[in-house]
Amino acid sequence: MNRTYLKHEFLLTAAGRRTIPFLLFIGTLLLIYCFLLVPNRETPETLDIDETKLYLTKLEVEQEQRLKNGNTGIILMTGQPVFAMNAYYHGLFSAFLNAYEDRNFLRYLHLRTAYLESDPSVYIQDDRLFSNSPFPGKDREHLYHQTMLRYEDYLSNKRTVTEGLLFEKTGLQSLQRFLQTYGFAFMLFCAVYFSSDIVSRDRLHRSVLQGLPVSWYRQLNLKSLSAFLYTLLVIFAVLAVGVLLLALQFGFGPADLDVPIMTAQQTFTIEDYGVMGILKFIGISLLAVPLLVYLIIRLNTVLGLLLKNEWLVLLFGTAVIFAERLYDGRTTRELAGIDISYFPQTYFDFGKIITGEKNYLLNTETITVAKGFIVLLAAVLAVELLLFAVSRIITKRRLYQAR
């Protein structure tokens, strides 16, 4: 009976009137992401060909004018002649441009690495980077250290440097970036969406299910399990297809790539950074997905009993997964005197926990992977107890009779 009921609920979720349009929407977004967003994504390391050509032209005009006037100019801070510095940068950026246009990305990487090592101000003093950040200088330096660690990995391990590898567009790198940015928000919203009607939809089929020889609490558990399995199926299918589509364009990427992580919040120099294998990062991230999805689905089951309306459940469930945005200031480290690391919402962006990005953003060291799993497990236990209590108050009969 349990297996039959589970299969029945799974098929109801899969063939629901709200499910098919949502799957089509996800599929469309996936295609846009894989064939438009990632291929055309630009980073601070992307060379603007037109801007570079304009810069070289301006240097050439200035150099001709200085030759005509016989004035090399002096840089007051260093005492170096302007003419010589202009000649150096003209040669450097001409080499950048030639390597980029010839798609000789290994040469481009060597040139770019040498340039950034000799002049970190390329990042730190670039006003276009993090212009809306409350701490732009700190964020630019953070990005600079991450970039140099990636480049060190490419060069020291003698990678085959392609456009996809250099600009993080390969299948594995794109998955890593997705899990570090909005990937977990997408997965949690899927959990909210697919489980928002698992309780309320039974009210349309009272005569069929009223005499079912399965206890009410067990029915709720089987409903949650069916939504849990279906949500995981959709999530992992989307991730697998996305990685495959990007791999066909840019390759899978090396499986032993290093992911920059922040290991401390002491000096904010390169000494506070380390690296983690990309497969380890992806593995830990995906290990957290079932726990988070289960937590959201069980919470939605409670909301379904209390609210008795799928759209209200969808609204409140979505509010829960984005609740951290209400207090996620760069200076917020406590809520009501309690360290923010004890709130489960802090760990909804689990990819940022693994790399230390969340600690970096909040300038703390209390948010760790181990604590994340403990807090989420405690939250699951609390929701389980709440669901058990609510199911005793709002019985099947009471739910069906509610208007």
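**Notebook: helix 4 and its chain**

I began with what covers the buried residues of helix 4, and found that the cover includes helix 3 (49-69) and helix 5 (105-118). I take buried to mean under 20% relative accessible area with a 1.4 Å probe, protein chains only, and contact to mean heavy atoms within 4.5 Å. Helices are DSSP runs of H or I with at least four residues, and strands are runs of E with at least two, numbered from the N terminus.

I noted that this is a predicted model, in which local features need pLDDT of at least 70 and side-chain atom pairs count only at pLDDT 80 or more, while totals for chains, interfaces and linings use all residues. Residues are numbered from 1 along each chain as its sequence is written, and side-chain values use heavy atoms, with hydrogens and water left out.

I then looked up helix 4 itself, which runs over residues 82-101, has 20 residues and reaches 28 Å from its first C-alpha to its last. That is close to the 28 Å expected at 1.5 Å a residue, where the expected span is 1.5 Å times one less than the number of residues. Its buried residues include Val82, Asn86, Leu92, Phe93 and Tyr100. Just after helix 4, I found Arg103 with a positive phi of about 60°.

Last, I turned to the protein chain, which has 18 helices and four strands, and whose C-alpha trace spans about 100 × 45 × 35 Å along its principal axes. Buried residues make up 50% of its 403 residues. Among contacts between residues at least 6 apart in sequence, 74% join residues at least 24 apart.
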